[in-house]
Amino acid sequence: MINIVFYLLLLFLIITAFFMVFTKDLSNSVITLPLFGAILVIIFVILQAPGVALAGAIMTAGLTTAFFVITINKTEY
Amino acid sequence: MEAAVWVIILPLLTAFFLGISKLYFKRIFFYLVTGSAIIYLYILIIVITHSYPPKVYSIGDWGLLGINVMVDPFSGLFLLMIAILFLPFIIFSMKYNKFLKHDYFIFAYLMVAGISGMVLTTDLFNLYVFMEVSTLSSCALSLYKKTDRGIEGTFKYLIMSTLGSFFILLATILTYYLTGTLNMAEIPLAFEDIPFKIKSTMMTLFVFGYAIKIGLIPLHAWLPDAYEDSPIPYNVLSSGLVLKSAVYALIRVLYIMFGIDFLDESGMLTIGVFWGVITFLIAHCLAFQQSNLNRLLAYSSIAQIAYIMIGLFVGTEAGLIAGSFHILNHAIMKGTLFLVVGIFSYSLNAVEKKDIKGLGYKFPILSFTFVVASLAIVGLPPFNGFMSKWLIVEAALEAGFVYAAFFILVGTFLSLTYYLKVIVTLYTKNEEELLIEEPSLSLKLPTFFLGSLCIVFGMVPSLPLNLITKIPTFLLDNGDYIRILLGG
Amino acid sequence: MEIAYVAVIILFCLGIYTIITKKNLIKIVFGVTIVESSLILLLMLVGYKPDGTAPILDKEYEIVVDPIPQALALTTVVIGGSVTAVMLVMVIKIHRRYRTLNIDEIRKLRG
Amino acid sequence: MSRLNEVFKKLYKIGLVVTFAYFLLFLFYDIHNLDNNRKRYLSAHYISEGVQETGAINLVASVLYDYRAFDTLGEATMILTAATVLAFLVPISKATTFGTTFKSIVKQTVKLILPYLAVLGTYLILFGHVSPGGGFVGGVVLSIIAILLTITYSVEFSEYIVKPDQKKLVEDIGAIGFVLLGLLGVFTGSNFLANGQAYFGTGNAGEVFSAGLIPFINVMIGLKVGAGLAIIFNSLIKEK
């Protein structure tokens, strides 16, 4: 069961990554980034890495996204 | 060998204390910077004199379970370069930067800490961490002027070197996956039963990653841009230490982890020499077209590092000695050239080739230093560049790379043309009245110091060669290195 | 679990592709983030053992996953985050000067 | 013509990446098939002896702050460097925020959340060696307090509560404290960053006051990371 979930998550991870890169609108890709990070966090939990999952949740899905949002806010107006 | 770890933590501590001093104690800034640099010089000398036979210092007393720091003659050479360049750099930039000095010196100390960490550590991942420290602080220094060109060039630099880091990190992770350890002494033992195919692909990843950081020819585009509008004293450390530390890491990884036999078998030595030849030929041609002195010197740096690559990849004892000697000599010569250009740009804001017209009569001694250093870098006797280049040619001939030796001679003429162009411009009469700010002694003294080293090392090459001749013992045959690191 | 390695390869190459072909500066930084995430995922996979438990030994466990890659991954996360922050502030600076994020236009304006 | 050139260039790059992907695929395939009783003596040792040797039951913490603490030093330096670069690049000027003003319900909720965040961050830092978390994660949580203040109120308010100079001071104190804790090992006659070997008792594994220096190093890293990330965020916001 967990295997199927894991494979689905990997599939979603790749789909979000491709969407993030190939979408035209930067706002779309920046909204996809926390999704990407969140999926990654769940994968880490499945792979038995709670510490890295915490760090990933805060850094990749949280702060890095905030940095990107600020950058896009400052550059596109 | 307590002093070895102080080589890394003293600059770190200085940088942290400078951060506090910036906020609350502005008075002690000067004493903190220079005092720490002098103490650092003392520590470096102690460590260098004890670099043979190599010694191991275990961080946290964990032995092979943790991270070890090791001083051997090859790292001793790099510490010697830091010792020669760092104090002149500090003195020069004290005067050169007219404002905002604190951050500058924080970055400089962090960069030196990163480089010394790279040089001393024996752990593959720790090498990556310190490489990132030195790269990020080097980027910070290169955008220090906050000009548009500087920031653009630095962005390129940061992207490219991050790309290189990713390949190195990938190779590091795969090494851990294969061997289950990150210690540089245990990896070669575990590598023995890995198939040839996997080992050679791993080596490709390492070489590609480091080649970006070194700036070999198809991957060199970031380097001149990063140099173009950066503070000139930084360029001294950058071409002298940052690029060389990547060379150091590459050589360390190849020779210790993979071993000379494997390099020979897989053809890496031939590829390295060939790549070096291509690199310096193209770099010389590109340098010929430049009008900006910084860019010209940057392309010249690429070419000189290609010479070093040839020397180190010949794969014989003579080649290693020649390459290492050229590492030291290039740092000194390029340092002198950059410092003279720095004084020109400080006094009359001259960085283009046409701006320095006629300065030979205004600054006679400085221009003479420039001529000495450029003749040395071209490779004319009796300066130090001649010595090491001759050794490289000899080693290449001895090992059978005749075409490399031939093209080095061709390259010498190519480099002579563009350096002569600069020298001729320097001594062309110029009628215009120039507004000159007289450079003070603290700018001139480091320049003359490095310039005189060019002559001294050319006349008496045995001074540095005492240290350098011991290098091949621990590189060419990785058995000794491994035995010492394993504690035998 | 083997298929996860394929995912790592796809993400890594996608990130590299983004860095070397995309014209938008922010997209390039996205590429850097993707490559970094793929390397962290690779570290986790290297340390994983089937049916293992997390490396927090409050009692005795039969199989424990490898703690070293997790420590390395934490280091990589922090390094990647700080490099990304520095890149982004430079992107803002470049945009303020040229009013565009496209590499080609920047090159044209620069002359 | 130039358009054709462009397309050709793009195809070339795609080809390059796809070739590289194939290359990696075969490499991974080979490595995976190679295996299988790979010598993992290092991790085996950490798992079997780590709790006794370091006193921390969170093995990741014991690797990060004891066995490989030197890596952590370099990593802490990275954040300090990034924070210094950002603070240096951004001119001291009037701040601009997103331009959205929040309703008072948002402000009140944030006010309500902040103490919990502080408790969570402190918990993560102090219990870093007995549960998932540690200095980095806890520090990031602490920095989120300052970040939330910046987002919902304004940079001025956030910097009125904690001045930028104070943040910088905390960051430097964290970094210096880490190095000094490492030097304690030298003063007791052992090596740099020594813990158990330098007779800092490892205590009973699983308690808060155990594992020698690890909790203190956690506190230092937490202070440093929290202050550093707050500086980074506020600098990015202040950049026009």
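**Annotated spans in chain C**

I looked up the record for chain C. In an unreviewed entry, the UniProt annotation "transmembrane region" covers residues 6-21, 28-48 and 68-92 of chain C. UniProt positions are given in the numbering used here, feature names are shortened, and annotations may be inferred rather than shown by experiment.

This is a predicted model, in which local features need pLDDT of at least 70 and side-chain atom pairs count only at pLDDT 80 or more, while totals for chains, interfaces and linings use all residues. Residues are numbered from 1 along each chain as its sequence is written, and chains are lettered from A and ligands numbered from 1 in the order in which they are written.

I then checked two of the annotated spans for secondary structure. Helices (H or I, at least four residues) and strands (E, at least two) are DSSP runs, numbered from the N terminus. Residues 28-48 of chain C are 95% helix and 0% strand, with end C-alpha atoms 31 Å apart. For residues 68-92 of chain C I found 100% helix and 0% strand, and the end C-alpha atoms lie 37 Å apart.

**Chain B as a whole**

I counted 22 helices and two strands in chain B. Its C-alpha atoms fill a box of roughly 70 × 60 × 40 Å along the principal axes.

Next I looked at burial. A residue is buried if 20 or more other C-beta atoms lie within 10 Å of its own, exposed if 12 or fewer, and partly exposed in between, with C-beta atoms placed from the backbone. Of the 488 residues in chain B, 61% are buried.

For contacts, two residues count if their C-beta atoms, placed from the backbone, lie within 7 Å. Among contacts in chain B with a separation of 6 or more, 80% join residues 24 or more positions apart.

The record for chain B, an unreviewed entry, gives the UniProt annotation "domain: NADH:quinone oxidoreductase/Mrp antiporter transmembrane" for residues 122-415. I found that span to be 82% helix and 0% strand, with its end C-alpha atoms 37 Å apart.

**Helix H19 of chain B**

I picked out helix H19 (residues 441-459) of chain B, which has 19 residues. H19(B) reaches 26 Å from its first C-alpha to its last, close to the 27 Å expected at 1.5 Å a residue. The expected span is 1.5 Å times one less than the number of residues.

Buried residues of H19(B) include B:Leu443, B:Pro446, B:Leu450, B:Cys454 and B:Phe457. Seen down the helix axis, the buried residues of H19(B) fall within an arc of 140°, so they line one face of the helix. The arc is that of the directions from the helix axis to the C-beta atoms. I noted that these buried residues pack against H3, H14, H16, H17 and H20 of chain B.

**Chain D and its partners**

I compared the pairs of chains. Five pairs touch, and the most contacts are between chains B and D. In that pair, 41 residues of chain D are in contact with 41 residues of chain B. H4(D) gives the most to the side of chain D that touches chain B, with 13 residues. By class, this side has 20 nonpolar, 10 polar and 11 charged residues. Ala, Val, Leu, Ile, Met, Phe, Trp, Tyr, Cys and Pro count as nonpolar, Asp, Glu, Lys and Arg as charged, and the others, Gly among them, as polar.

I looked at H4(D) on its own. Of its 21 residues, 20 are buried, so H4(D) is largely enclosed by the rest of the structure. H4(D) reaches 30 Å from its first C-alpha to its last, close to the 30 Å expected.

The contact between chains D and C takes 38 residues from chain D and 31 residues from chain C. Here H1(D) gives the most to the side of chain D, with nine residues. That side has 25 nonpolar, five polar and eight charged residues.

I found no contact between chain A and chain B, whose closest C-alpha atoms lie 15 Å apart.

**Two positive phi values**

A:Gln48 has a phi near 65°, a positive value in a residue other than glycine. A:Gln48 sits in the loop between H2 and H3 of chain A. I list A:Gln48 as buried, with 23 C-beta neighbours inside 10 Å.

C:Arg99, not a glycine, also has a positive phi, of about 60°. C:Arg99 lies in the loop between H3 and H4 of chain C. I list C:Arg99 as exposed, with 11 other C-beta atoms within 10 Å.
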